[in-house]
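This briefing covers a pocket, a nonpolar core and a strand pairing.

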Amino acid sequence: NRFANILKDVHGLGLLIGMDFVSDEIGYQVAAGLFKRGVLVAGTLISSRTIRLEPALNISYDQLNVVLEKLEEVLMEIADRT
């Protein structure tokens with residue numbers, strides 16, 4: 001709910017998560033912001049509006065928390081600009 005103006009939907013099963021953004025540009029900015037922070041994400045075949053988080057199955061809770069913190073940083077940065 002905090003980022004409803006930029007994040008439309010989050011869906012997935014287990015650790016495979018898809019995030020849908022309001023525009024291709026926002027999706028690209030999130031992917032670029034995460035990459036800048038050392039978090040690799042993947043786009044989809046049809047648009048950069050949706051990005052995928054695909055962590056290894058043996059990722060630790062500490063690593064997951066770091067990814068979530070970095071994602072929050074990026075979303076806050078983008079929300080402040082829009």
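Helix H2 gives the most to the lining of the largest pocket, with six residues. The model is a predicted one. H2 spans residues 61-81, and along with strand S2 (16-21) it is among the elements that each supply at least two lining residues.

**Largest pocket**
- The volume of the largest pocket is about 310 Å³.
- Its lining is made up of 16 residues, and Leu 53, Pro 55, Ile 59, Leu 64 and Val 67 are the closest to the pocket centre.
- Sorted by class, the lining holds 13 nonpolar, two polar and one charged residues.

**Largest nonpolar core**
- This core has 16 residues, and the most contacts inside it belong to Ile 6, Met 19, Phe 21, Val 30 and Leu 75.
- Two or more core residues come from each of S2, helix H1 (24-36), strand S4 (50-53) and H2.
- H2 provides the largest share of the core, at five residues.
- Leaving aside residues up to four places away in sequence, Val 30 touches Phe 21, Ile 51, Leu 71, Val 74, Leu 75 and Ile 78.

**Strands S1 and S2**
- Strand S1 covers residues 7-13 and pairs with S2 in the antiparallel sense, over six bridges.
- Within this pairing, Asp 9 stands opposite Asp 20 of S2.
- The two strands form a hairpin, with two residues between S1 and S2.
- Gly 14 lies in the turn and has a positive phi of about 65°.

Technical notes:
Residues are numbered from 1 along each chain as its sequence is written. This is a predicted model: local features need pLDDT of at least 70, side-chain atom pairs count only at pLDDT 80 or more; totals for chains, interfaces and linings use all residues. Side-chain values use heavy atoms; hydrogens and water are left out. On a 1 Å grid over the protein atoms alone, a cavity is a set of points where a 1.4 Å probe fits but cannot get out, and a pocket is an open set with protein on both sides within 12 Å along at least five of seven lines; lining residues have an atom within 4 Å of a point. Grid points are joined across faces, edges and corners, and a volume is the space filled by probe spheres set on the points. Helices (H or I, at least four residues) and strands (E, at least two) are DSSP runs, numbered from the N terminus. Ala, Val, Leu, Ile, Met, Phe, Trp, Tyr, Cys and Pro count as nonpolar, Asp, Glu, Lys and Arg as charged, and the others, Gly among them, as polar. Two strands pair if DSSP finds at least two bridges between them. A nonpolar core is a set of buried Ala, Val, Leu, Ile, Met, Phe, Trp, Tyr and Cys residues joined through side-chain atoms within 4.5 Å. Buried means under 20% relative accessible area, exposed over 50%, partly exposed in between (1.4 Å probe, protein chains only). Contact means heavy atoms within 4.5 Å.
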